[in-house]
Amino acid sequence: MQIVAVGLNHKSAPVSIREQIAFAPERQEEALRQLVASPEILEGLLLSTCNRVELYACSHDGPAAASRLKSFLAEFHGVSEESLTTHLYEFHSEQAIRHLFRVASSLDSMVIGEPQILGQLKDAFAVAEGCRSVGLILTRLLHKTFSVAKRVRSETTIACQAVSISYSAVELARKIFGSLQDRSVMIIGAGEMCELAARHLVNHKTAGLLVANRTFERALELAKKFDGRAVPFNDFPDYLAQADIVLASTAATGYLLTRSQVEKVIRQRKNRPMFFIDIAVPRNIEPAVNEVNNAYLYDIDDLQNVIDANVKERGKAADKAEAIIDQEIGRFQRWLSDLELTPTIRDLQQQLERVRQQEMDKTFGQLQTLGPEERQAIDACTGAIIKKILHRPIAILKERRHDMSGEQYLDAVRMLFGLDGETEDKDQG
Amino acid sequence: MSILLFKITLLSYLAASCGYLVYIASGRCTAEKIGRWLIRGGFVLHCATLALRFFEAGYTPVANLHESLSFFAWCITGIFLLFDLRYGLAVLGAFLSPLALLLMVIGNAVPQQLAQPSPILDSWWFPLHVSLAFLGNAFFAIAFIAGVMYLLQERMLKSKRLSALFFRLPSLDTLDTLNYRCLTWGFPLMTMGIISGAAWANSTWGSYWRWDPKETWALISWFVYAALLHGRLAIGWRGRRAALLAIIGFLCLLFTFLGVNLLLSGLHSFEALSGR
């Protein structure tokens with residue numbers, strides 16, 4: 001049994017190719033059904049996100065399955081296979097498993113450590129389960145993949161550091177305030193960036209949101225959305241003392257907030273710290289505000305630098321993640337080889353054959369008068385009996401190997417016929 | 001025998017410091033766990049060391065520099081372990097275990113023989129005075145470390161240069177709260193330490209306060225912490241200023257503890273204590 005992966009991602013293919021062969025969500029079931037209808041493909045899984053399109057399959061014949069996956073990708077989207085080949089990558093067995101583990105752990109992502117990919121993979125698996133294109137092996141592989149991704153997240157710092165502007169703003173706020181619970185936020189300007197950052201902050205159960213915007217209606221609208229309060233734009237400095245975190249993103253030219261204003265506010269607040277986030281260009285808050293004691297000011301470039309530092313920190317964590325993946329690949333492969341059906345069938349046949357030989361020797365010992373022809377007939381007869389008896393169990397084992405019950409049948413057979421050697425002695429005794 | 005245990009304790013603090021430093025540098029949680037168990041183990045050994053020393057000496061073993069340093073390190077480690085149970089601040093260990101180690105290393109370098117028995121050591125005021133004083137000092141040591149961590153973290157936030165340390169250090173708010181907690185514990189302990197010392201002095205020498213250098217410096221440190229406490233409660237000092245004062249206060253304390261003994265002489269010198 002071999003696992004095969006074929007696909008392309010943001011590194012191997014430009015967006016013009018990726019968009020051509022991306023699978024729309026509503027067509028994924030259809031694609032999977034077609035895929036598993038091919039004789040080479042026993043089980044199939046399809047992962048299609050904006051950064052990658054990948055097909056995973058389970059097959060007896062790896063190379064044949066890989067070429068089928070490639071031709072399927074081309075056929076399904078009506079593009080020529082030659083135009084894809086340079087962008088497609090192909091992994092077999094251990095390499096394929098490693099690739100899947102790395103994808104799920106977000107080591108292969110555009111932004112290492114981003115959390116979405118695991119959710120997308122879970123969705124892909126749910127679709128495949130829905131149309132029964134995955135069986136015993138891929139199901140087991142995917143469950144293993146999810147647990148590997150979880151291990152990587154919990155045992156390395158790969159997902160700890162924020163890599164988007166609004167995430168990094170939240171992370172910085174947490175380095176200043178600890179928990180953001182019961183901290184209040186003021187946003188000046190009600191643009192898209194403000195809304196996005198506000199959403200992240202409110203997710204941390206902040207206590208109150210104040211919104212100031214030049215058009216008051218828009219401020220009201222946003223305040224309503226986040227259960228906050230709108231304040232008149234010209235009066236916003238009066239409300240500053242109530243805010244722990246101030247987020248500015250207006251189109252104003254010239255500073256809305258100066259150092260001396262902030263000094264006054266900090267005094268009013270009895271030195272309780274304030275965090276200013278200025279994501280406007282040109283800037284809304286005077287840079288010298290950062291020099292005020294207990295006031296921290298980050299502009300858009302500062303946040304970008306924080307992100308760069310985070311990305312570097314993640315790179316280090318990635319090495320540790322690779323080690324975890326190596327370990328888990330070993331475990332999965334051991335399972336896969338245990339699973340191999342053929343040894344069980346072979347053991348079963350050998351076991352019965354041994355019994356037959358023993359019993360025949362006994363019988364021939366007692367019936368010394370038998371001629372060679374009769375002996376041959378008895379031999380053929382008993383052989384046929386065994387073959388007939390084994391026919392159905394083996395057929396069922398083969399039939400069921402693709403679903404979850406296959407493992408149980410294998411276990412049952414090994415136990416009932418004493419293939420692992422435990423009950424063998426009793427039989428003879 | 002207690003000296004041997006002392007050396008083993010020192011080694012386990014050394015190992016704990018290494019574990020914590022590896023954690024700081026690499027972010028490996030296992031290193032932090034190892035560090036924590038080593039310092040716990042070290043603390044248990046340290047308890048045994050002190051108990052043994054007590055039986056060998058027949059007095060509370062804080063009568064010479066070696067014993068005082070060991071006792072101080074024990075107080076710091078013990079209080080750190082309590083804080084660690086309560087707040088789980090692993091990074092604190094990375095700063096604190098080297099401090100405990102430093103005290104132990106100095107303690108290892110100075111003469112370690114038992115002090116001469118002396119009538120003033122028989123008084124019950126002696127263990128009471130030194131325990132209160134050192135427990136107070138231990139809280140201030142943690143406030144000092146929280147202050148150093150605060151300044152580091154604030155420096156990184158202000159300069160916007162984030163090193164690996166930035167990701168491990170707790171938030172400014174946590175550090176400031178820690179500073180306050182230590183102050184509210186350390187200050188009453190220190191005050192009681194000074195009062196009990198005065199009572200002991202009265203029962204031994206017949207006067208409460210004699211302005212010897214140790215007393216003077218203890219009073220200076222007391223004023224620094226009183227100012228900090230007042231500033232925090234009444235004026236709303238916090239953050240950087242509170243951190244700086246906690247650092248200054250601890251430096252005064254260190255001078256009171258070590259500087260006065262090594263550089264100046266007076267009633268508190270260990271020679272005076274051991275009656276030589």
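What follows is a short chat about a predicted model.

Visitor: What conventions apply here?
Guide: In this predicted model, local features need pLDDT of at least 70 and side-chain atom pairs count only at pLDDT 80 or more, while totals for chains, interfaces and linings use all residues. Residues are numbered from 1 along each chain as its sequence is written, chains are lettered from A and ligands numbered from 1 in the order in which they are written, and side-chain values use heavy atoms, with hydrogens and water left out.

Visitor: How many helices and strands does chain A have?
Guide: Chain A comes to 17 helices and 10 strands, where helices (H or I, at least four residues) and strands (E, at least two) are DSSP runs numbered from the N terminus.

Visitor: Is chain A compact or spread out?
Guide: Its radius of gyration, taken over C-alpha atoms, is 33 Å, well over the 22 Å from the globule rule (2.2 Å times the number of residues to the power 0.38) for 429 residues, so chain A is more spread out than a compact globule. Along the principal axes, its C-alpha trace spans about 120 × 55 × 35 Å.

Visitor: Switching to B:K160, where does it lie?
Guide: B:K160 is in the chain B loop between α5 (125-159) and α6 (164-168).

Visitor: And which residues does B:K160 touch?
Guide: Leaving aside residues up to four places away in sequence, B:K160 touches A:N290, A:L297, A:Y298 and A:D302, contact meaning heavy atoms within 4.5 Å. The B:K160 side chain also reaches the backbone oxygen of A:L297 at 2.6 Å.

How values were computed:
Polar contact = N/O pair within 3.5 Å; in protein donor to acceptor, adjacent residues only side chain to side chain.
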